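Subject: Structure handover and notes

Dear colleague,

I am passing the structure below on to you, together with my notes on what was found in it. Please read the notes with the coordinates open beside them.

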Amino acid sequence: MCSQVVFCRISWSPSASGQAARPETRGYNTKSNKQRVVKTPGGRAVFQVVKKKAKGPICGDCGKALIGLPRLRPIEYARLKKREKRVNRAYGGSRCAGCVRSRSGLSTGWIGEFC
Ligand SMILES: [Zn+2]
């Protein structure tokens, strides 16, 4: 996702030769510390910190991705509204519609609703 980047203040200016020099990196290029260089509209080159890719919520029974929910990093779900974290159904943010319908792997307390 393009929105998962943050501008940081590290920038570089063209050297005397006119050729822009690459700025010092912020640590090693590890999985949790990715960055890329982008040009700003003003022509400056700055680092963009690339956030880790989110996997998104999956069904607890079959493992398929749950539809209708955003793919965010875990901390970002805490900032969402309740209606954005789940779909309006029993087991909405946890099990997919097919698994709820087939009642597989769920407790028997509410089965009567569908019979
Ligand atoms: Zn499922």
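The protein averages a pLDDT of 79, and 68% of the residues score at least 70, where pLDDT is the predictor's confidence in each residue, from 0 to 100. This is a predicted model, so local features need a pLDDT of at least 70 and side-chain atom pairs count only at pLDDT 80 or more, whereas totals for chains, interfaces and linings use all residues. Residues are numbered from 1 along each chain as its sequence is written. Among the elements of the protein, the lowest mean pLDDT, 54, belongs to strand β1 (residues 5–12), and the highest, 94, belongs to α2.

On the overall layout, the secondary structure comes to three helices and three strands, with helices (H or I, at least four residues) and strands (E, at least two) taken as DSSP runs and numbered from the N terminus. Along the sequence these elements follow the pattern β-β-β-α-α-α. Of the 115 residues in the protein, 4% are buried; a residue is called buried if 20 or more other C-beta atoms lie within 10 Å of its own, exposed if 12 or fewer, and partly exposed in between, with C-beta atoms placed from the backbone. Among the contacts with a separation of 6 or more, 39% are between residues 24 or more positions apart, a contact being two residues whose C-beta atoms, placed from the backbone, lie within 7 Å.

Turning to the strands, β2 (residues 34–39) and β3 (residues 45–50) pair in the antiparallel sense over six bridges, pairing being assigned if DSSP finds at least two bridges between two strands. Within this pair, Q35 stands opposite V49 in β3, and V38 has V46 as its bridge partner in β3. The two strands β2 and β3 form a hairpin with five residues between them, and G43 in the turn has a positive phi of about 90°. Strand β2 is hardly covered, since the count of buried residues among its six residues is zero.

R73 lies in the loop between β3 and α1 and counts as exposed because it has 12 C-beta neighbours inside 10 Å. Leaving aside neighbours within four places in sequence, R73 is in contact with K51, K52 and A54, and the C-alpha atoms of R73 and K53 are 7.5 Å apart although the two residues are 20 apart in sequence. P74 is found in helix α1 (residues 74–77), and P74 is likewise exposed, because 8 C-beta neighbours lie inside 10 Å. From P74 to G56 the distance is 8.7 Å, C-alpha to C-alpha, across 18 residues in sequence.

A90 sits in the loop between α2 (82–85) and α3 (97–102), and A90 is exposed because it has 11 other C-beta atoms within 10 Å. A90 and V100 are 10 residues apart in sequence and 7.7 Å apart in space, C-alpha to C-alpha. Y91 is in the loop between α2 and α3, and has a positive phi of about 60° although it is not a glycine. With 17 C-beta neighbours inside 10 Å, Y91 counts as partly exposed.

With kind regards
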